[in-house]
Amino acid sequence: MRKIGIVVVDDHAVVREGIKALVASRPDIEVKGEAEGARGVEDRVARIRPQVVLLDIRLGKADGLALARRLKENGRSDLKVIVLTSYSEPELVRRAMRCGVDGYLLKNTSAEHLLSAIDGVLRGETFVSPEIGAALFGGDSPTPETSLSDEDVRVLELLSEGLSVAEVAAELSYSERTVKRRISAVVESLGAKNRTEAVSSAIRMGLF
C-alpha cells in the first residue's frame, strides 16, 4: 500500500509530536519528515517528495507563508500545502490564499477534521476550517456581486469543507454529472484554472 507522505513544519516540538499522534490512526499516512524552521525545508521536501506539507505561519523569525509560496511556486505541481496554525486573523488567511495554500486549519482542529483536510486537498479541493470562514466573513460586510447563483456558491462552500463531488451531489440531491457541470461553469465564470482556484477566489471574495 502506497502511503501518503507528510512533512510537518512547526517551531514547537510538542506540536510536531501532536500532529504525528493525530495521523497515527491512519495506516496509509506516514510522517516522512519534520522541521522546526524554514531553513532547508525546500531541499528536504524535494528530496523526501511528500504529498502534503503541514506548516505554521510563524516559524521563529521565519515567515511560514513565504515558505508556502516558494513551495507552491517552485515545488512539484502536485504538492499540497496546508497551513496549521493558531492565527485566524482575516488578513493572514487572505494572504495564505494568495500564496496558493490548499488548506487553512486552526491548531484546535480535531483529528477527524485534519485527516479530512489531507484527503480533501489530495482530491484537488481547498479545505478551510469553519471558524476561519466566520472570522473572515462574519459581520455585516456586503456580499460582492457575482454571476454565481446561490446553488453555485453552496457547491463551492461544500467543496471548501472537503466534500467530494459524490458527497456534494448527495448533500444537494443532485446527480454527480450535474455537480460536475456546475463546477465547470463556476470555474469558467470566476476565470479560475480549476476548482481549487475557484474555491480560493470565492473565499477571497467573501462569498461564504
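Start with the open sheet: six strands in the order 2-1-3-6-7-8, paired in parallel. Strands (E, at least two residues) and helices (H or I, at least four) are DSSP runs numbered from the N terminus, and two strands pair if DSSP finds at least two bridges between them. The edge strands, each pairing on one side only, are strand 2 (29-35) and strand 8 (127-128).

This is a predicted model, in which local features need pLDDT of at least 70 and side-chain atom pairs count only at pLDDT 80 or more, while totals for chains, interfaces and linings use all residues. Residues are numbered from 1 along each chain as its sequence is written, and side-chain values use heavy atoms, without hydrogens and water.

Next, select strand 1 (residues 4-9), which is joined to strand 2 by six parallel bridges. Val8 has Glu34 in strand 2 as its bridge partner.

Now select helix 2 (residues 41-48). Which of its residues are buried? Val41, Val45 and Ile48 are (buried: under 20% relative accessible area; exposed: over 50%; partly exposed in between; 1.4 Å probe, protein chains only). These buried residues fall within an arc of 75 degrees seen down the helix axis, so they line one face of helix 2 (the arc is that of the directions from the helix axis to the C-beta atoms). On the other side, Asp43, Ala46 and Arg47 are exposed. Just after helix 2, Arg49 has a positive phi of about 60 degrees.

Finally, select Leu67. Beyond its neighbours within four places in sequence, Leu67 is in contact (heavy atoms within 4.5 Å) with Val9, Ala38, Val41, Glu42, Leu55 and Leu59.
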